[in-house]
Amino acid sequence: MRTQNEADAPPTTASESEPFTVLRRLHEALESGGHGEQLRELFAPEAELVERPNVLKPDGATATVGDMIAASTAGASLLAVQRYAVHACVTAGDEVAVRLTWEGEVAADAGPFRRGQMLTAHIAQFATVQDGRIVRLETFDCYEPFDR
């Protein structure tokens, strides 16, 4: 997923920040198949997720921690594997902005998706982290066409 230059690039100050580290822990947990209660420790009890409108959620959505935990379990059964490649990040205090590419391989036929199909989204994420936990995650997901 990462190009050779991205993989070899030295870490920046932003990527060493607590907000970035916590957000990457979320990405890494999802990449390793983590879902459900395994993710709860990454979020503050009052955390919220704001998904801006995209092809999968045309009206966008807002979710509580409970909603995110349930959705992560449903998502885990739909994907054989998923990866997050971070291309850039900027940190200011307890907030981090990340530009990344997400790729997921569909595990089984479901709705318009077919087993083995690769999905790709170019994403901008904005996270607020306090006391080592995500309190707000806002995401702008731009999916590539699904017919590839």
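This is a predicted model: local features need pLDDT of at least 70, side-chain atom pairs count only at pLDDT 80 or more; totals for chains, interfaces and linings use all residues.
Let me start with the sheet, which is open and has 6 strands in the order E2-E1-E6-E5-E4-E3, with mixed pairing; strands here are DSSP runs of E with at least two residues, numbered from the N terminus, and two of them pair if DSSP finds at least two bridges between them. At its edges are E2 (61-64) and E3 (79-92), each of which pairs on one side only, and the twist averages 20° from one strand to the next.

Residues are numbered from 1 along each chain as its sequence is written, and side-chain values use heavy atoms, with hydrogens and water left out.

Within the sheet, E5 (residues 118-130) and E6 (residues 133-143) run antiparallel and are joined by 10 bridges, with Ala127 standing opposite Leu137 in E6.

Turning to the aromatic rings, the count comes to 4 pairs, where rings of Phe, Tyr and Trp (its six-membered ring) pair if their centres lie within 6.5 Å, and planes under 30 degrees apart count as stacked, over 60 as edge-to-face and the rest as tilted. Phe113 and Phe146 have ring centres 5.0 Å apart and planes at 85°, so they are edge-to-face; Phe113 sits in the loop between E4 and E5, and Phe146 in the segment after E6, 33 residues apart. Phe113 is buried at 15% relative accessibility, whereas Phe146, at 23%, is partly exposed (buried means under 20% relative accessible area, exposed over 50%, partly exposed in between, with a 1.4 Å probe and protein chains only).

Terms used:
Helices (H or I, at least four residues) and strands (E, at least two) are DSSP runs, numbered from the N terminus. Axes are lines fitted to C-alpha atoms, for helices over the stretch in contact, and angles run from 0 to 180 degrees between N-to-C directions.
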